[in-house]
Amino acid sequence: VEPKECIGLNAFDFIHPDDREMTDLWFQDWINSKTENNSLENRQVNRINGEVFHMLWTCKLEYDDSGNIVSINSISRDISDRKQADQDKLNFEKQILQTQKLESLGVLAGGIAHDFNNILMGILGYADLALSDLDPIDPAREFVQGINDSTRKAAGLVKQMLAYSGKGKFSLEPIDLNHLIDDTVQMLEISISKSAILKFNYSDIPVFLEGDPSQIRQIIMNLVINASDA
C-alpha cells in the first residue's frame, strides 16, 4: 500500500473484518490491565488485491509522569509463512491419523471377514451333507441347493473382502478377465458412489492371464473406486 493511500486511515482499517471485534476487545482489556508490554496475532487485508496475511504485533504503552497513557508503540511482523507451515503440519497430521484409522478398519474388517468365512464354511458343509442325504426327487433339494448357492456367493464376497484387506492367500492361476470382472460386479456396485454410473464393456473374445485372482480383483476395485471418487 502506498503511503498516500493510508491518509485518513488507522491500523484498524486494515484488519480483517472477522478479526476487528476481537482486536478491539484485546486492546481494551490490555489498556485496562495497564500491562506495559503485550503481543497480539490477527489477520490483515491488502486493500489493493484483497490478499489476507497474518501479523504478529508487539505493543508497548508509553506513560507520562502522571501515569496517563500518551501513546502506543507497536512493531508488526508478517508471520503468514509460519502460519501456513503450522497449517500444513496440522493437515499432514490429520492425514496420518486418517491413514491409521483406515488401516485399523482394514484389520478389523479382515478379522471379521475371516471369522464370517469360517461360519459360511460350516453352513456350506451342512448344506452339502443335507443334499447328499436327500433323494434326487425330494422337493426340499431345491431349497437346500438355494442355501448352498447363496452360501458360495457369500463366501466369494468374503474372499474379495479378505483380499482387499490384504489377508487373502496368494495363488497363481489362469484367469479369464471377463469372468473375473463379472464376479466382481456386486462388490463394485456397493463400493462406488451412488452418483457414479457403472458400465461394463466386455471383450468379444476371452482375455486370459496368469496371476492371483484376488490381487487382480483388488486392482480392478482400486481403479474403479478411484475413478468414482474423482
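Predicted model: local features only at pLDDT ≥ 70, side-chain atom pairs only at ≥ 80, totals over all residues.
Mentor: Residues are numbered from 1 along each chain as its sequence is written, and side-chain values use heavy atoms, with hydrogens and water left out.

Trainee: Which residue in E2 is the bridge partner of Ser39?

Mentor: Strands are DSSP runs of E with at least two residues, numbered from the N terminus, and two of them pair if DSSP finds at least two bridges between them. E1 (residues 37–45) and E2 (residues 52–63) are antiparallel, with 9 bridges. In E2, Ser39 has as its bridge partner Thr58.

Trainee: Why is the pair of Trp26 and Phe27 classed as it is?

Mentor: Rings of Phe, Tyr and Trp (its six-membered ring) pair if their centres lie within 6.5 Å; planes under 30 degrees apart count as stacked, over 60 as edge-to-face and the rest as tilted. By this rule there are 4 aromatic pairs. The centres of Trp26 and Phe27 are 4.9 Å apart and their planes stand at 90 degrees, so the pair is edge-to-face.

Trainee: Is Ile112 buried or exposed?

Mentor: Buried means under 20% relative accessible area, exposed over 50% and partly exposed in between (1.4 Å probe, protein chains only). Ile112 lies in helix H2 (residues 80–133), helices being DSSP runs of H or I with at least four residues. Because its relative accessibility is 51%, Ile112 counts as exposed.
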